[in-house]
Amino acid sequence: MKIQSIRGVKDILPDEIWKWQYIESVAHNIFPRYGFREIRLPIFEDTRLFSRSIGEATDIVEKEMYTFNDRGGDSITLRPEGTASVVRAYVQHKMCNPPSVLKMFYIGPMFRYERPQAGRLRQFNQIGVEAMGSPSPIVDVEVMTMLMEFFRELGLNNIKLEINSLGSQECRPRYRELLKAEIEKSLDQLCSNCKARYQRNPLRVLDCKVEQCGKVAVGLPKIIDHLDAASAEHFSEVRSLLDSASTPYSVNASLVRGLDYYNRTAFEVTSKNLGAQNAICGGGRYDTLVEELDGPSTPCFGFALGLERLVSLVPFNDMKNLQKYPDVFIVCLGEETKTTGFQIAHELRLKGFWVERDYEMGSMKSQMRKANKSQSRFSLILGENEIRSGKFVLKHMETGEQIECPVEELATEIAKLSADS
Ligand code: HAM
């Protein structure tokens, strides 16, 4: 039996990788303008890191973590998200440096044992950012506008930024009790999952995707109507700063997020073009997590976006200037061309061109077939006559146009013709 990849896990093949690299390059270009620098974190951590930070009563911790005992008997978990690891690193390396805000981003795979479906994988990739050290609503809005600028640069349209406030320790316990009491009045109409979890995590009933729960949720009290004064002020500042940046958004009072560490601003970016799993990005403020993980009081704000979902949305066909295929395919005809072909390929590569060739040096017909298949922009034909005369035939594969070119002018000619076409 041939071994296949695990269910819910995908290879990213060379024909696709340029899309990923392009998106990552845009992140590397835009995020540092806002002061974010990259951090590379381990793929696995002590299990307690995630149960303590994400919350014992969340889907992720209850049923989605890849947890195992290693050979030394320690409980290890493949990271289901990046925020907990960033906070762990922040505390471990004593990175706090008030009064400046520490800003970091990360790119990499996350693991959740979810039911695989379109847009939902068991190993998926995220780009995440975390700004650590300020409670200011300016941070919330700077990070959200940076994200929207990133999406704009990638040519995304039809996306929606939705925000909510989840209040604070001051107002949430009271609100939770009120919510539970209201939920109890319609308990028989809820799905079995919500019935089982509403005592421990009543907020999740608000964003349950099951239709009957959605109907109940409409009538339930919303947290933005029960905010303490400081949280209400924070939310109002976030809204007016978003307005001042002309960033379109809407308030979704049912948005609660699936991780427990949030307070105040929470947000999601969704796309109609994604189907059922329509969230490209989620994030928000988490002001108490660093302390809960034994660090100094450090208010934070961050987000993570799903790269598989993003790759499926970016209009790559409109991006003509991205290099997907080789510049030149060298066709070598006859033994005598072996060394010259090798040298020309080497020289062109040193000058920055992507050069392919046929190592078997088959017939002209078979090499031209390979050149076509490689989708190279040009083919360069090297026969014994060409070597003797020092002039080579450069063929534009799409137009069929051919020009004769001395060896020393090849690089300039290819660059010139590429710029013209
Ligand atoms: P999250 O909402 O759990 O947040 O995940 C963020 C994004 O990751 C989602 O919007 C989605 O695009 C993608 N994603 C999540 N699960 C899957 C999956 N099974 N398959 C494919 N894509 C998926 C977090 O992870 C938080 N750490 C975000 C954050 C950072 N909050 C503050 N800082």
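1. Let's start with Arg52: its relative accessibility is 46%, so it counts as partly exposed (buried means under 20% relative accessible area, exposed over 50%, partly exposed in between, with a 1.4 Å probe and protein chains only). Asp294, at 59%, counts as exposed. The side chains of these two, Arg52 and Asp294, meet in a salt bridge at 3.2 Å, N to O (a side-chain nitrogen of Lys or Arg within 4 Å of a carboxyl oxygen of Asp or Glu). Arg52 sits in helix α2 and Asp294 in the loop between α10 (289-292) and β11 (300-306), 242 residues apart. Helices here are DSSP runs of H or I with at least four residues, strands are E runs of at least two, and both are numbered from the N terminus.

2. A quick word on what you're looking at: this is a predicted model, where local features need pLDDT of at least 70 and side-chain atom pairs count only at pLDDT 80 or more, while totals for chains, interfaces and linings use all residues. Residues are numbered from 1 along each chain as its sequence is written, and side-chain values use heavy atoms, leaving out hydrogens and water.

3. Another pair to look up is Arg200 and Glu62, whose side chains form a salt bridge at 2.1 Å, N to O. Arg200 is in the loop between α7 (192-197) and α8 (211-218) and Glu62 is in helix α3 (residues 59-64), so this pair ties together parts 138 residues apart in sequence. Arg200 is partly exposed at 41%, and Glu62 is partly exposed at 40%.

4. Salt bridges also join up: Asp59, Lys63 and Arg197 are linked in a network of them. The structure holds 23 salt bridges.
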